[in-house]
Amino acid sequence: DVTMPCNIMLVIDPLTSMTYYNIKEDERELRGYRARFDSNGSLVTFLPSSQLPLNFDSFPPPVQTDGHFRPIVTINGQVPGPTIIAHENQRLVISVYNELKYVEGVTIHWHGMHHKDTQRADGVAFITQRPIP
């Protein structure tokens, strides 16, 4: 229904690639469990194995960038962030939460979205918008 706004929540998190996280909304925990994968991308073991959480099967899959542990910035635990699907002319209400620590703020650039009277929420910090603290 185009008359109903589409409400979306985006959480910007600092994570580490090749690491399992429990980032479900109801059980948010940013303690990571590093994993080692084989050349096919299949889980081999946790490092160290004594840290293996009992419910790790319910965790979202880790971001596997280039096979190395690296700090990454994710949106809802994903790289790239989630695809937003809405009807043409539907109003989007997007709440963005910045969980990055030790940074002054972040901004989001909305690829493929035409802004009608909301250009101030798209672009470079302090130029077209205020950063998200």
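A cavity is a set of grid points where a 1.4 Å probe fits but cannot get out. In this predicted model, a search of the whole structure finds one cavity of 30 Å³ or more. The largest cavity has a volume of about 90 Å³. Twelve residues line this cavity. Leu15, Tyr21, Pro61, Pro62 and Gly77 lie nearest its centre. Strand E1 (6-16) and strand E2 (19-22) each supply at least two lining residues. E2 gives the most, with three. By class, the cavity lining holds nine nonpolar and three polar residues.

The largest pocket has a volume of about 1200 Å³. Its lining comprises 31 residues, and the closest to the pocket centre are Leu92, Ile94, Trp110, Met113 and His115. Strand E6 (residues 92-98) contributes the largest share of this lining, three residues. The pocket lining divides into 15 nonpolar, twelve polar and four charged residues.

The chain as a whole contains six strands and zero helices. Along the sequence, the pattern reads β-β-β-β-β-β. The chain has 133 residues, and buried residues make up 29% of them. Among contacts with a separation of 6 or more, 55% join residues 24 or more positions apart.

Methods
Residues are numbered from 1 along each chain as its sequence is written. This is a predicted model: local features need pLDDT of at least 70, side-chain atom pairs count only at pLDDT 80 or more; totals for chains, interfaces and linings use all residues. Side-chain values use heavy atoms; hydrogens and water are left out. On a 1 Å grid over the protein atoms alone, a cavity is a set of points where a 1.4 Å probe fits but cannot get out, and a pocket is an open set with protein on both sides within 12 Å along at least five of seven lines; lining residues have an atom within 4 Å of a point. Grid points are joined across faces, edges and corners, and a volume is the space filled by probe spheres set on the points. Helices (H or I, at least four residues) and strands (E, at least two) are DSSP runs, numbered from the N terminus. Ala, Val, Leu, Ile, Met, Phe, Trp, Tyr, Cys and Pro count as nonpolar, Asp, Glu, Lys and Arg as charged, and the others, Gly among them, as polar. Buried means under 20% relative accessible area, exposed over 50%, partly exposed in between (1.4 Å probe, protein chains only). Contact means heavy atoms within 4.5 Å.
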